[in-house]
Amino acid sequence: MLDILKDLIYSSGAVSLTGGNLVMWLVSFVLLYLAIKKQYEPLLLLPIAFGILIVNLPLTFLMEPEHGLVWFFYHYGIELDIIPPLIFLGLGAMIDFGPLIANPKTLLLGAGAQAGLYVTFFAAVLFGFDLQEAASIAIIGGADGPTTIFLTSKLAPHLLGATAVSAYAYMALVPIIQPPMMKLLTTEHERKIVMGKLRPVSKLQRVCFPIVTAMAIMLMVPTAAPLISMLMLGNLFKESGVVERLSKAASNELMNIVTIFLGLSVGATMTAGTFLSPKVLFIFFLGLFAFIVSTGAGLIMAKIMNLFLKNKINPLIGAAGVSAVPMAARCVHKVGSEANRRNYLLMHAMGPNVAGVIGTVVAAAILLKNLG
Amino acid sequence: METDWSKVMEVFATGIIGVFVVMILLQILTQLSTRIIDFVENFGKGEESSPEPKSPTAPSKD
Amino acid sequence: MPELLAPIAGNVWKVLIAVGDKVELDDELIILEALKMETPIYCDDGGTVSEVRVKEGDSVNEGDVLVIID
């Protein structure tokens with residue numbers, strides 16, 4: 001009788017628990033708290049946090065290669081690069097490229113913010129990360145979750161959990177991270193600049209944009225194909241207006257379904273063994289650095305453009321060049337209206353914001369081409 | 001582990017330049033296609049415009 | 001007769017005034033909601049509200065007339 005009881009205890013997970021597991025539980029609980037109570041990106045943080053919890057319960061073998069349930073999600077969804085492009089399909093069906101088409105100059109702002117990403121790459125190498133790892137950390141500055149996961153899973157899969165969580169966490173913190181940088185780099189006078197009405201964009205232009213962009217980017221950087229093709233297909237669904245069902249399916253049902261698998265698998269990569277290393281702390285630090293530098297780079301790019309433009313743009317919209325859609329644009333709008341309450345920058349900021357999505361994908365594709 | 005600094009510089013430089021080149025080309029393409037579409041649409045309107053304004057604009061006025 | 005135009009497209013979240021109200025420069029007249037963010041629209045000119053063209057829940061485009069003030 002006693003032996004059976006003993007056997008039960010030894011075969012239970014509890015005795016195989018390590019201190020690391022307990023720390024990871026704590027991490028998971030903190031993320032659950034942030035997701036549920038503070039509602040920081042709950043759609044992703046919630047499954048991620050739960051994923052962390054379940055892989056840190058010993059002997060469940062959920063992440064056991066070829067056996068575990070979650071491993072299959074991870075393998076087919078992320079290792080084989082299926083989920084990030086599907087998320088992009090849904091994003092494409094939601095994004096309105098109108099403000100970008102109306103003011104194509106904002107594409108440059110989307111590029112400007114990516115310059116910050118390469119500065120971070122440099123910094124990460126200085127911190128002793130190898131080039132693949134540094135690239136995966138730098139892409140956090142692009143503020144684009146799926147792209148971060150796409151690149152990290154190819155270059156440095158062991159960092160996936162850390163880079164993905166910091167990308168999503170900082171995205172939720174945009175309203176806190178960006179304004180100080182915006183105020184530091186712009187003058188009160190610049191923030192007061194009011195931008196005129198955007199020119200109207202016809203339906204034909206909206207339909208042509210995804211087609212032309214998809215062709216152009218894939219011809220120039222073929223490694224961007226998985227993400228950009230899906231993004232533009234989703235947008236074509238939306239703008240064509242003839243396949244409303246597909247557009248809705250891509251942006252609601254499909255997106256929600258893959259988000260579950262994405263969150264769970266990303267969380268499940270964070271076992272105590274891979275996550276609890278000093279490196280991870282550096283990743284969070286560098287991720288924040290990446291965000292700040294990219295914001296700054298976007299602002300500076302906008303100021304440089306202003307030197308040449310007759311119709312001055314409000315340099316704040318440069319900060320929206322990081323892609324966090326639409327958090328960054330909202331943030332720009334808010335800071336702009338604080339300086340001048342009749343300043344409505346929201347739509348103007350959506351231009352660089354969606355350009356940032358394209359820019360981040362291009363930057364990731366170039367990193368992948370050079371380092372993959 | 002030795003860091004290959006020439007590779008770092010290469011990634012750094014090609015990255016920044018690459019992103020800008022791609023985005024500038026995209027900007028030019030977008031502007032170009034916008035112009036072409038504007039031209040085509042205006043051309044189309046130019047022929048239809050004489051009968052058009054009467055009926056569709058009337059209800060929107062008050 | 002100044003018109004208050006919608007500076008951005010969105011949905012009308014709250015209408016804070018009614019016909020006949022006296023309004024002053026910089027009063028909040030209407031709150032629009034765009035991209036899940038509330039944007040107050042301020043009065044450009046003092047006067048009396050003679051017509052409110054929108055109601056709560058309406059969707060407006062950029063440049064639409066929201067309120068007419070005499």
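Predicted model: local features only at pLDDT ≥ 70, side-chain atom pairs only at ≥ 80, totals over all residues.
## How the chains meet

Residues are numbered from 1 along each chain as its sequence is written, while chains are lettered from A and ligands numbered from 1 in the order in which they are written.

## Chain A: helices throughout

Chain A has 19 helices and 0 strands. Here helices (H or I, at least four residues) and strands (E, at least two) are DSSP runs, numbered from the N terminus. The radius of gyration of chain A is 22 Å, close to the 21 Å that the globule rule gives for 372 residues, so chain A is as compact as a globular protein of that length. That radius is taken over C-alpha atoms, and the globule rule is 2.2 Å times the number of residues to the power 0.38. Along the principal axes, the C-alpha atoms of chain A fill a box of roughly 85 × 45 × 40 Å.

Look at contacts in chain A with a separation of 6 or more, and 75% of them come from residues 24 or more positions apart.

## Inside chain A

Buried residues make up 57% of the 372 residues in chain A. A residue is buried if 20 or more other C-beta atoms lie within 10 Å of its own, exposed if 12 or fewer, and partly exposed in between.

The largest nonpolar core holds 157 residues, and A:Ala135, A:Ala138, A:Ala328, A:Val332 and A:Val362 touch the most other members. Such a core is a set of buried Ala, Val, Leu, Ile, Met, Phe, Trp, Tyr and Cys residues joined through C-beta atoms within 7 Å. Helix 19 of chain A gives the most to this core, 16 residues. As for A:Ala328, its contacts beyond four places in sequence include A:Ala143, A:Val174 and A:Asn353.

## Where A meets B

This contact takes 33 residues from chain A and 25 residues from chain B. On the chain A side, helix 7 (106–126), helix 13 (203–220) and helix 19 (346–371) each supply at least two residues. Helix 7 of chain A gives the largest share, 10 residues.

By type, the chain A side splits into 24 nonpolar, 7 polar and 2 charged residues. In this count Ala, Val, Leu, Ile, Met, Phe, Trp, Tyr, Cys and Pro are nonpolar, Asp, Glu, Lys and Arg are charged, and the others, Gly among them, are polar.

## Chain C: strands and a hairpin

Chain C has an open sheet of 4 strands in the order 1-8-6-3, with antiparallel pairing; two strands pair if DSSP finds at least two bridges between them. Strand 1 (3–5) and strand 3 (22–23) of chain C stand at the edges with a single partner strand each, so one side of each has no neighbour in the sheet. Strand 1 of chain C runs antiparallel to strand 8 (residues 65–69), joined by 3 bridges, and C:Leu4 stands opposite C:Val67 in strand 8.

Strand 4 (residues 28–34) and strand 5 (residues 37–42) of chain C also pair in the antiparallel sense, over 6 bridges. C:Glu28 stands opposite C:Tyr42 in strand 5. The hairpin of these strands has 2 residues between them, and C:Leu35 takes a positive phi near 50 degrees there.

Key. Contact = placed C-beta atoms within 7 Å.
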